Every structure is written in structure tokens, then in C-alpha cells.
Amino acid sequence: MANPRIAIIISTTRAARFGEKPAKWIHAIAAARKDMSVELIDLREYPMPFFDEPASNAWVPSANEVAQRWQRKVAEFDGYVFVTAEYNHGIPAVLKNALDYAYPEWNRKPAAFVGYGSVGAARSIEQLRLVCVELQMAPTRTGVYIQGGDFMAVWQGGKDIEELSYLQKNAKEMLDELRWWSAALMVARTKSSTVEATATA
Ligand SMILES: Cc1cc2nc3c(=O)[nH]c(=O)nc-3n(C[C@H](O)[C@H](O)[C@H](O)COP(=O)(O)O)c2cc1C
């Protein structure tokens with residue numbers, strides 16, 4: 001079986017963002033593994049307007065060309081790592097918008113989470129898990145939460161995330177889980193499309 005293709009998504013876009021630091025950190029760890037292929041995806045490269053289509057693309061194809069390009073990119077992957085902050089205890093709006101701009105492309109695929117902030121974006125990630133369920137995704141139990149003094153030390157104290165060695169074990173556990181679900185659901189998607197094709201033949 002081919003390696004699962006995993007997208008690591010930088011989920012904030014503001015000019016002074018911190019998000020790419022943890023994204024590059026988890027990307028390097030995932031890219032060193034032999035059991036998955038990874039790509040870093042930056043929402044800045046998909047500047048979509050606030051959702052302005054007649055319906056979700058589950059029902060009506062999107063007219064916006066950036067949205068179409070985003071949907072094609074999302075469709076390329078078998079699993080996702082959302083690297084996210086929390087904005088006022090919620091999901092950054094740009095991430096929610098990007099999630100809303102696709103639907104079938106997310107279905108039956110797993111999602112894992114790397115959060116950063118005062119509580120490691122745990123509150124935002126719990127909301128994100130619920131959104132993922134509605135998108136018919138499988139959220140992993142394990143996430144990586146860069147929080148409190150550790151977050152401050154990296155954000156403003158000049159510390160490298162690599163120096164937080166306990167996070168390595170945590171990241172491995174999360175990626176192991178993501179790999180398991182990605183591989184299992186790749187097989188299941190293939191089988192179910194065969195079953196569906198047979199049923200309609
Ligand atoms: C609009 C806004 C709201 C924020 N709300 C929270 C919050 O609820 N909890 C928290 O821990 N940090 C909060 N912060 C601080 C962020 O954790 C910190 O700025 C982080 O770097 C934001 O991610 P970004 O740099 O990738 O945009 C907030 C920051 C912004 C800009």
C-alpha cells in the first residue's frame with residue numbers, strides 16, 4: 001500500500017503570526033518518518049473570501065476559483081494535521097472558513113492537531129474536533145499542546161520548540177495514531193467505493 005499523504009496545515013494567516021514555527025517543527029518530525037508522505041500547506045496561499053457560495057460544495061460546485069483550487073488541494077490527502085492557535089477561545093476564523101469551503105474532500109479521513117497558546121489552544125481544538133465530526137472526519141485522541149510557559153518561551157523568549165524534548169514523544173504518539181487511521185481509512189474508502197459501484201451497477 002502507498003504511504004498515506006498527510007497535509008500539515010498552517011491555520012492562521014496574519015502578518016505577525018507565530019503559526020509557521022510549530023508547523024515547520026511538526027512537518028520536520030513527520031517528514032523524517034518512512035510511513036507517510038507530508039506536505040506543508042499554508043492558508044495564506046488560498047485567500048478565499050468569507051464563504052459566499054449558494055451552498056456547501058457537498059451540494060453545489062463552488063464558483064470561486066481559489067476555493068476550487070483549495071478543494072483540489074484538500075482532495076490530494078489522506079489525513080491532516082491542523083496547526084492552530086485559539087482566537088478568543090475559538091477556532092481562527094480563517095481556518096473555519098477554509099473548512100467550510102470543502103466537504104466531500106474531507107470526508108472519511110483523519111485529523112490531528114497541534115495547538116499553541118496559553119492552554120495550547122485546547123479550547124479551540126475541542127471545537128475543531130466537533131467541526132471535523134460534522135465534516136465526516138475522524139479526529140485523533142492525541143494532540144500536541146504547546147502551552148503556558150513553554151509557549152511564552154518559544155513565542156517571546158527565543159527558545160526553539162526542539163528544546164522542548166517531551167513534545168517529541170507526544171508528537172510521535174499523535175503521528176502514529178494519524179498514520180493508523182489514515183492507512184485504515186484509505187483501505188475502507190477504496191472498499192466502500194467498490195461496494196457502492198457494485199450496488200449501483
Ligand atoms: C484575536 C486574537 C485572539 C486571541 N485569543 C487568545 C485566546 O483565546 N487564548 C490564547 O491562549 N491566546 C489568544 N491569543 C494569543 C495567541 O495565542 C497568540 O497571539 C498566537 O501567537 C496567535 O497565533 P498566530 O500568531 O499564529 O496568529 C489571541 C490572539 C489574537 C490575535
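For sorting side chains here, Ala, Val, Leu, Ile, Met, Phe, Trp, Tyr, Cys and Pro count as nonpolar, Asp, Glu, Lys and Arg as charged, and the others, Gly among them, as polar. Everything below comes from a predicted model, where local features need pLDDT of at least 70 and side-chain atom pairs count only at pLDDT 80 or more, while totals for chains, interfaces and linings use all residues. Residues are numbered from 1 along each chain as its sequence is written, and side-chain values use heavy atoms, with hydrogens and water left out.

View 1. A polar contact here is a pair of N or O atoms within 3.5 Å. R14 puts a polar side-chain atom 2.6 Å from a ligand oxygen, and Y87 has one 2.5 Å from an oxygen atom of the ligand. With F18, a polar backbone atom sits 2.7 Å from a ligand oxygen.

View 2. What space does the ligand take? It is the largest pocket, a pocket being an open set of points on a 1 Å grid over the protein atoms alone, with protein on both sides within 12 Å along at least five of seven lines. Lining residues have an atom within 4 Å of a point. This pocket has 13 of them, with R14, A85, Y87, Y116 and F151 nearest its centre. By class, that lining splits into 6 nonpolar, 4 polar and 3 charged.

**View 3. A cavity elsewhere in the list.** A cavity is a set of grid points where a 1.4 Å probe fits but cannot get out. L43, Y46, M48, V94, N97 and A98 line the largest cavity. Their classes come to 5 nonpolar, 1 polar and no charged residues.

Notes. A polar contact is a pair of N or O atoms within 3.5 Å; within protein, one must be able to donate a hydrogen and the other to accept it, and residues adjacent in sequence count only if both atoms are side-chain atoms. A molecule sits in a cavity or pocket if more than half of its atoms lie within 2 Å of its grid points.
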